[in-house]
Amino acid sequence: MSDYNFAYLDEQTKRMIRRAILKGLAVPGYQVPFASREMPMPYGWGTGGVQVTAATLVPEDSLKVIDQGADDTTNAVSIRKFFERTAGVATTEETTKASVIQTRHRIPEAELSEDQILVYQVPIPEPLRFLEPRETETRKMHSLEEYGLMHVKLYEDISQHGDIATAYAYPVKVEERYVMDPSPIPKFDNPKLEMAAIQLFGAGREQRIYALPPYTRVVSLDFEDYPFEATKADYPCDLCAAEDSYLDEVILDDAGSRMFVCSDTDYCRSRRAEGHVGRLGEEAA
Amino acid sequence: MSASTGEQDMTPLMQVKALTKMYGHRIGCKNVSFDLYPGEVMGIVGESGSGKSTLLNAMAGHHAPDCGEVVFDTRADGPVDTCTMSEPARRMLGRTDWAFVHQHARDGLRMSVSAGGNIGERLMAVGGRHYGEIRDQAADWLGRVEISDSRIDDRPSDFSGGMQQRLQIARNLVTGPRLVFMDEPTGGLDVSVQARLLDLLRSLVREMGLSAIIVTHDLAVVRLLADRLMVMKDGYVVESGLTDQVLDDPQHAYTQLLVSSVLQV
């Protein structure tokens with residue numbers, strides 16, 4: 001472990017990233033450019049989130065890494081190992097015991113507290129990108145608060161699908177100012193963006209950091225006659241019977257049988273430990 | 001929206017004062033001045049490279065002019081020089097009181113967004129947040145520009161050139177602008193489609209009491225639409241006056257050449 005500086009990045013780089021984080025916190029939802037470093041993993045694997053986590057970690061931290069809500073997927077395991085080796089920090093799978101949580105595509109089900117930091121991996125930080133390909137133009141649109149185009153996307157959704165079909169990366173407006181891409185979390189998680197913990201968003205390839213301070217007002221965009229709705233699969237979890245958690249659908253065989261399980265593995269495990277049993281679950285050992 | 005009372009008619013909607021745009025040492029347009037009154041249609045004609053599009057873009061705020069003023073009579077604050085106003089205010093003007101119709105419809109449309117979305121964009125940009133109302137207005141405007149409202153969810157790329165141009169006009173007029181800039185609105189369309197488009201433009205301009213500045217090299221277009229005419233050559237305005245007067249009795253040598261060059265069928 002002594003071969004690396006603490007948490008892999010050199011101190012000057014961490015300083016630069018911390019400055020970007022502070023600026024991001026000062027202007028919630030604003031995309032702060034930063035000099036993203038090459039990381040020992042490919043773009044798309046969370047290079048942005050990893051750099052933000054590295055700049056945030058202190059030796060006393062306890063780190064949790066999730067990918068689509070799960071602690072045991074490739075992306076989560078490799079990033080957790082990376083920080084175990086390069087920072088030597090404690091790691092945990094329990095949401096409530098972690099002080100820093102790096103996540104891809106989910107917000108944990110358990111409510112986060114003021115002493116926690118949630119770090120998101122962001123593929124494309126610009127919510128207007130697919131509507132307006134020019135960066136010069138999108139920056140101008142942000143600075144002048146010209147966000148009509150964002151509603152054009154929602155309009156197209158309704159005209160083609162009958163309702164707002166955008167199910168993830170659902171655009172939000174932060175403190176009535178910046179429109180922000182909450183990273184590809186399901187829109188089920190959007191209401192949770194108003195939380196007690198600090199939320200940091202890192203996009204490595206696109207070289208942007210943005211942030212939400214605790215208790216920031218975050219409103220999902222919608223139409224008056226088509227209000228925002230946080231949706232999930234309309235089933236209980238087949239392992240822990242939770243009705244309130246976001247579910248993954250798992251195909252079980254060729255005959256069409258399937259099961260729905262909590263995407264947040266820690267939440268599901270803790271519920272089963274409390275004795276909740278779903279349709280296909282077994283009694284906790 | 002803009003009820004033009006007799007009193008308002010006295011103040012010009014737009015005053016252009018000594019507008020100059022240079023491209024390095026080359027002249028884009030030089031020292032152009034005119035007043036445009038509410039409800040008036042001004043035509044700008046001239047050969048390619050005479051500076052008419054440069055002038056139009058400078059007036060519409062797409063290019064910053066080198067000197068001169070473009071004073072627009074805004075609804076809120078009265079006459080304001082748009083060249084020195086803040087960019088947010090100018091862009092706001094660009095999507096409320098002004099409209100810009102491009103020569104090529106694909107420059108003015110979002111080709112990957114449905115016709116309804118294209119028309120609705122301006123409404124949403126000024127705060128429209130009710131899907132049903134936006135859609136009703138979009139359907140209404142499709143009807144006004146003679147596009148069947150069954151095409152409301154089709155993309156402009158599936159439309160013919162003439163339909164695209166009409167869609168562009170609908171998209172621009174939906175917020176009830178008071179001044180429309182048009183850059184060769186009939187360029188690239190065949191003559192029968194041109195005739196229908198001109199007919200449509202003329203009725204819309206009259207119905208809505210629009211003021212318009214139309215850049216074209218087609219004298220038939222200005223004859224039909226424009227009240228007044230400016231003839232440009234090499235960046236300068238060489239002649240201006242009432243359309244019929246200029247076309248029937250051209251004074252400047254270049255205007256005489258232009259009028260005599262029109263092909264007769």
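This is a predicted model: local features need pLDDT of at least 70, side-chain atom pairs count only at pLDDT 80 or more; totals for chains, interfaces and linings use all residues.
1. Start with the largest pocket, which comes out at about 1200 Å³. Its lining runs to 38 residues, and the ones nearest the centre are A:Glu137, A:Glu146, B:Arg91, B:Arg110 and B:Arg171. By class, the lining splits into 12 nonpolar, nine polar and 17 charged residues.

2. Which elements build that lining? From chain A, helix H4 (135-143) and helix H5 (148-161) each supply at least two residues. From chain B, the elements that each give at least two are helix H3 (87-95), strand E6 (98-101), helix H4 (105-108), helix H5 (115-125) and helix H7 (161-173). H3(B) has the largest share, with five residues.

3. The second largest pocket has a volume of about 440 Å³. It is lined by 18 residues, and nearest its centre you'll find A:Phe130, A:Leu131, A:Lys153, A:Glu156 and A:Asp157. Here the classes are nine nonpolar, four polar and five charged.

4. Now a look at H4(A), one of the elements lining the largest pocket. Its residues A:Glu137, A:Thr138, A:Met141 and A:His142 are buried. They sit on the same side of H4(A), because the arc they cover around the axis is only 140 degrees. Among what covers these buried residues are H5 and strand E7 (178-180) of chain A, along with H3 of chain B. A:Glu137 is also on the list of residues nearest the centre of the largest pocket. After the helix comes A:Glu145, which has a positive phi, near 60 degrees.

5. On to the sheet in chain A. Seven strands make an open sheet with mixed pairing, in the order E1-E9-E8-E5-E4-E2-E3. Strand E1 (32-33) and strand E3 (90-91) are at the edges with a single partner strand each, so each has one side without a neighbour in the sheet. Further in, strand E2 (residues 62-67) and strand E4 (residues 100-104) of chain A pair in the parallel sense, over five bridges.

6. You'll find it in the loop between strand E10 (218-220) and strand E11 (247-251) of chain A. Is A:Tyr226 buried, exposed or partly exposed? It counts as partly exposed because its relative accessible area is 28%, and the buried class needs under 20%. Setting aside neighbours within four places in sequence, A:Tyr226 contacts A:Ile158, A:Gly162, A:Asp163 and A:Ile164, plus B:Tyr131 from the other chain. As for A:Gly162, it is 64 residues away along the chain, yet the two C-alpha atoms are separated by 9.7 Å.

7. How many cavities of 30 Å³ or more does a search of the whole structure find? One, and the largest cavity has a volume of about 40 Å³. Its lining is B:Val101, B:Ile169, B:Leu173, B:Val180, B:Met182, B:Leu201, B:Leu204, B:Val205 and B:Leu210. That makes nine nonpolar residues, no polar and no charged.

Key: Residues are numbered from 1 along each chain as its sequence is written. Chains are lettered from A and ligands numbered from 1 in the order in which they are written. Side-chain values use heavy atoms; hydrogens and water are left out. On a 1 Å grid over the protein atoms alone, a cavity is a set of points where a 1.4 Å probe fits but cannot get out, and a pocket is an open set with protein on both sides within 12 Å along at least five of seven lines; lining residues have an atom within 4 Å of a point. Grid points are joined across faces, edges and corners, and a volume is the space filled by probe spheres set on the points. Helices (H or I, at least four residues) and strands (E, at least two) are DSSP runs, numbered from the N terminus. Ala, Val, Leu, Ile, Met, Phe, Trp, Tyr, Cys and Pro count as nonpolar, Asp, Glu, Lys and Arg as charged, and the others, Gly among them, as polar. Buried means under 20% relative accessible area, exposed over 50%, partly exposed in between (1.4 Å probe, protein chains only). The arc is that of the directions from the helix axis to the C-beta atoms. Contact means heavy atoms within 4.5 Å. Two strands pair if DSSP finds at least two bridges between them.
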